[in-house]
Amino acid sequence: MTHTLGRPDFDVIAGWIEPGHRVLDLGCGDGALLKHLLETRGVQGVGVDFEPANVLAALRNGVNVIQGNLENGLTDFADQAFDHVVLSRTLQTVRHTEGILREMLRVGREAVVSFPNFAYWRNLRSVLDGRMPVSEDLPYQWYDSPNVRFFTLLDFEALCAKMGLTVRERRVLDEQGQPVESEDERELNFLGSLAVFRLSQAA
Amino acid sequence: MPGQSVGVVQSQRAHFDQALPLRSGGTLPAYDLVYETYGALNAAKSNAILVCHALSGHHHVAGHYADAPSNIGWWDNIIGPGRPLDTDRFFIVGVNNLGGCHGSTGPSTTNPATGKPWGADFPIVAVSDWVEAQARLADRLGIDSWAAVVGGSLGGMQALRWTISHPERVRNAAIIASAPKLTAQNIAFNDVARQAILTDPDFHGGHYYEHNTRPVRGLRLARMLGHITYLSDDQMGEKFGRELRNGSFSFDYDVEFEVESYLRYQGDKFAGYFDANTYLLMTKALDYFDPARLDGGDLTKALGRSHPDTGFLIASFTTDWRFSPARSREIVAALLANKRRVSYAEIDLNFGHDSFLMEDAQYHGIVDAFLRNVKL
């Protein structure tokens with residue numbers, strides 16, 4: 001199975017976004033997801049990124065991008081200005097976890113969050129073998145990783161429950177980007193390398 | 001930097017007989033605008049970019065004159081074949097604004113009613129007046145809509161004003177190192193500069209031309225003060241530190257520190273060619289600029305008049321304390337609130353407000369990428 005732009009979570013995210021929706025992509029990198037959504041879904045998109053090289057790359061990709069630091073919140077954005085606010089593979093790099101999740105649901109109707117699952121069995125085995133995990137979804141050495149928060153699928157669900165957020169949909173993917181399904185939450189937590197959540201405020 | 005200069009350029013002059021009503025209440029019965037163009041206007045006349053100048057700028061934006069090879073345009077480093085404002089693709093227009101001192105009608109040109117220089121009788125012009133005059137030049141050149149209006153500092157204010165006054169005529173706007181209005185601190189700096197000129201004994205109420213003199217001392221001080229605010233503390237520290245010209249203290253009031261020498265040189269150079277009345281006018285245009293004023297200060301409401309399809313690039317510089325990044329972000333937030341297409345870059349450059357004139361790979365890359373996406 002081939003994935004859009006080599007990112008299986010992008011396929012999941014794209015599947016949740018309807019044509020013409022307004023999408024804010026936090027930590028948009030070179031804007032590849034937004035570019036894809038612009039071309040295939042006709043969305044109105046804005047990206048946010050802190051890195052100068054990413055801002056330049058996103059502009060070159062024809063994506064509107066705002067240079068800014070997610071740690072400072074989303075003060076430039078008005079309440080409920082977007083249908084979807086996307087944070088793909090970025091939550092683990094943000095220190096103010098609850099703050100950014102609240103901000104996402106302030107400026108957007110829905111938050112879409114993907115993150116690497118530290119409880120994935122290969123990661124656990126790596127730690128049991130005495131080394132920090134390096135994998136498809138955690139492609140960094142411990143000393144050069146931008147990640148500052150280390151959490152699992154179950155941890156994230158517990159945080160959502162604590163914050164009173166509604167999980168509208170959830171997809172769990174293995175390292176090849178194939179969907180993992182199981183009735184057993186602990187098994188999912190063990191088999192999934194990447195998780196993608198669709199969240200909203202409790203009704 | 002890749003790309004080349006546009007090479008030899010020529011100024012042109014356009015005369016306008018249709019009176020121009022001014023923001024200040026008066027009218028200018030007739031006027032001239034001097035301008036330069038680089039590159040070729042395409043058949044559809046859809047590839048024109050207007051470059052708006054800042055306080056001390058003018059129409060000579062790029063290239064040099066055949067008889068004055070060292071007189072290089074003030075933003076030459078960004079304009080030319082293969083450069084961000086690519087003359088292989090775009091037709092670039094630079095205009096000397098009304099009230100200027102580089103050939104367009106202003107205080108130092110002749111008032112047809114008196115046969116003498118306008119001097120202090122030249123009406124105060126606002127950013128919106130400049131935009132109207134520029135729009136008439138666009139009409140004259142057959143340009144219905146600009147592919148982009150680009151400007152830094154006071155030039156950025158003109159670009160912003162364009163998107164509100166003539167939304168259908170601006171397809172893109174690049175607003176660099178600018179602000180939606182001046183702060184009290186900014187107005188204060190401008191007033192000190194004006195006071196330096198107004199209190200110079202050679203000012204003669206603005207009619208110094210008739211006295212065959214110029215308020216050089218006041219203008220020099222005004223420029224020295226302004227210049228300090230255009231630079232960053234770090235940059236001045238790096239460039240001059242506490243270096244002494246002669247190595248030791250001389251215990252008098254002559255030029256001693258290198259920074260004094262530099263500022264005096266800059267002041268003298270500027271006072272040698274710039275017109276004091278123009279300086280007064282330009283600083284007032286800055287102070288008055290506030291496109292949200294008639295909307296009760298609501299910038300979001302004011303920018304709601306911009307065209308939904310207009311693309312915006314807002315750029316600021318980390319070390320610019322005169323027009324800080326926070327001021328640019330006010331514009332960004334107001335545009336986002338109107339669901340406009342906007343990109344924002346905060347560029348880490350060490351040259352303070354003057355960074356917008358500098359050549360830098362990230363900065364020029366951003367402008368280049370923005371303009372490459374412009375559809376002709």
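This is a predicted model: local features need pLDDT of at least 70, side-chain atom pairs count only at pLDDT 80 or more; totals for chains, interfaces and linings use all residues.
Local features were taken only at pLDDT of at least 70 and side-chain atom pairs only at pLDDT 80 or more, while totals for chains, interfaces and linings use all residues. Residues are numbered from 1 along each chain as its sequence is written, chains are lettered from A in the order in which they are written, and side-chain values use heavy atoms, with hydrogens and water left out.

At the interface, 18 residues of chain B are in contact with 18 residues of chain A, contact meaning heavy atoms within 4.5 Å. The size of an interface is often given as the accessible area lost when the parts come together. Here the buried area (accessible area, 1.4 Å probe, that two parts lose on being put together, summed over both) is about 1600 Å², and carbon and sulfur atoms give 53% of that area.

The rule finds one salt bridge across the interface, a salt bridge being a side-chain nitrogen of Lys or Arg within 4 Å of a carboxyl oxygen of Asp or Glu. Arg329(B) and Asp76(A) form a salt bridge, with their closest N and O atoms 3.2 Å apart.

On the side of chain B that touches chain A, helix H9 (325-337), strand E14 (341-347) and helix H10 (361-372) each supply at least two residues. Helices (H or I, at least four residues) and strands (E, at least two) are DSSP runs, numbered from the N terminus. E14(B) gives the most, with six residues.

Ten of the twelve residues of H10(B) are buried, so this helix is largely enclosed by the rest of the structure; buried means under 20% relative accessible area (1.4 Å probe, protein chains only). Among them are Tyr363(B), Ile366(B) and Phe370(B). The buried residues of H10(B) pack against helix H3 (52-60) of chain A and, within chain B, against strands including E5 (48-52) and E14. Asp360(B) caps the N-terminal end of H10(B), a side-chain oxygen lying 3.2 Å from the backbone nitrogen of Gln362(B).

Helix H4 (residues 216-230) of chain B has 15 residues. Its buried residues, including Leu219(B), Met224(B) and Tyr230(B), pack against helices H3 (184-198), H6 (258-273) and H7 (276-288) of chain B.

Conventions:
Buried means under 20% relative accessible area, exposed over 50%, partly exposed in between (1.4 Å probe, protein chains only). A polar contact is a pair of N or O atoms within 3.5 Å; within protein, one must be able to donate a hydrogen and the other to accept it, and residues adjacent in sequence count only if both atoms are side-chain atoms. The expected span of a helix is 1.5 Å times one less than its number of residues.
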